[in-house]
Amino acid sequence: MGEKDLEIEETSPPRREDETKTQVGKVKKKKKVKAEKRGVCHVSRVPPRMDHVKLRQVLSQFGEIQRIYLVPEAAAAQMNRKRAGGFRGQAFSEGWVEFTKKSVAKRVANMLNGQQMGGRKRSSFYYDIWNVKYLSKIKWDDVTDEIAQRHAVREQKLALELSAAKRERDFYLTQVDKSRALSSIEERMKKKQKVQQESGVISDFPSDQFAPKVIRQFPQKKPVADQAGKLKPSLSKDVLAGVFGGQ
């Protein structure tokens, strides 16, 4: 009896692990089923002064909202807007809204797209127009993957721009250093030549070394259109006299 009890005690932990695995699998399955029932809408334009809190307040009256993500405005566009005297707060370019039900997402997109936002007349986006589209067969995971891909492309582009700017800066600095070195050498040689001329010593440097640089000019061909008028055949005076004088 003691050995059987020991065997039962040894085999009991794997059963508990199996039970936990099955429970985790059931939870994942439930989450997947819930995610399949959800619908995603794309807001292609977010008005100024509107954030995710205000957007949720406006759209939650049509149905339950699960998640919202708004893309921040680009730094260059934000700087230009501030310089022009526009809205100085955080603005967003586009966004995605996930509704609990697909039917609600479709209804919201069909009902609001192209319509005036309305609300209170004092609202800063009262006269703005909704740009909402329902994304068929698109889940929130697809949206996050798209956002991550855009972020990676943006980071790669930024890295390329920074490397190009660094190369230009390095080239400019090298050219500046070369120019300074050449100018200092030229000044030293001029001083040395001047001292030798004052002391009567014949200079070893050629006199034309510091002569002004000659810009070579090459003759350019004239355009064909200008020569076309000169190449036109002209009637001789005898022919004209024969035509008009013979009458």
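Helices and strands here are runs assigned by DSSP and numbered from the N terminus, a helix having at least four residues and a strand at least two. With that in hand, colour the chain by secondary structure. The model is a predicted one.

**Stop 1: the whole chain**

Follow the chain from the N terminus and read off the elements: α-β-α-β-α-β-α-β-α-α-α. That gives seven helices and four strands. Now colour by accessibility: of the 247 residues in the chain, 19% are buried. Take the contacts between residues at least 6 apart in sequence; 66% of these join residues at least 24 apart.

**Stop 2: H42 in strand β1**

Select H42, which lies in strand β1. Is H42 buried or exposed? H42 has a relative accessibility of 16%, so it counts as buried, the cut-off being under 20%.

Next, show the side chain of E94 as well. The side chains of H42 and E94 are joined by a polar contact of 2.9 Å. To see the other surroundings of H42, leave out its neighbours within four places in sequence. The residues then in contact with H42 are E94, G95, W96, N131, V132, K133 and L135.

**Stop 3: the salt bridge R45–D128**

The structure contains seven salt bridges. Begin with R45 and D128, whose side chains meet at 3.1 Å, N to O. This pair links distant parts of the chain, 83 residues apart. R45 sits in the loop between β1 (39-43) and α2 (52-59), while D128 sits in the loop between α4 (102-112) and β4 (132-135).

D128, at 15%, is buried.

**Stop 4: a pair within helix α5**

Select helix α5, residues 140-199, and within it E146 and R150. The two are four residues apart, about one turn of the helix. Their side chains form a salt bridge with an N to O distance of 3.3 Å. E146 has a relative accessible area of 34% and is partly exposed. R150 is also partly exposed, with a value of 34%.

**Stop 5**

Move on to R169 and D170. Their side chains meet in a salt bridge of 3.3 Å, N to O. D170 is partly exposed at 32%, and R169 is partly exposed at 47%. Then select R38, R67 and E98: salt bridges that share partners join these residues into one network.

**Stop 6: the largest pocket**

Switch to a surface view. Rolling a probe the size of a water molecule over the atoms shows where empty space is left. The largest pocket holds about 460 Å³ of space.

R150 was one partner of the salt bridge with E146 at Stop 4.

Colour the lining by element. Two or more residues each come from β2 (65-72), β3 (92-99) and α5. Helix α5 gives the largest share of the lining, eight residues. Finally, colour the lining by residue type: eight residues are nonpolar, two are polar and seven are charged.

Notes
Residues numbered from 1 in each chain as written. Predicted model: local features only at pLDDT ≥ 70, side-chain atom pairs only at ≥ 80, totals over all residues. Heavy atoms only, no water. Salt bridge = Lys/Arg side-chain N within 4 Å of Asp/Glu carboxyl O. Buried < 20%, exposed > 50% of the residue type's maximum accessible area, 1.4 Å probe, protein only. 1 Å grid on protein atoms, 1.4 Å probe; cavity = no way out; pocket = protein on both sides within 12 Å on 5 of 7 lines; lining within 4 Å. Points joined across faces, edges and corners; volume = space filled by probe spheres on them. Nonpolar A, V, L, I, M, F, W, Y, C, P; charged D, E, K, R; others polar. Polar contact = N/O pair within 3.5 Å; in protein donor to acceptor, adjacent residues only side chain to side chain. Contact = heavy atoms within 4.5 Å.
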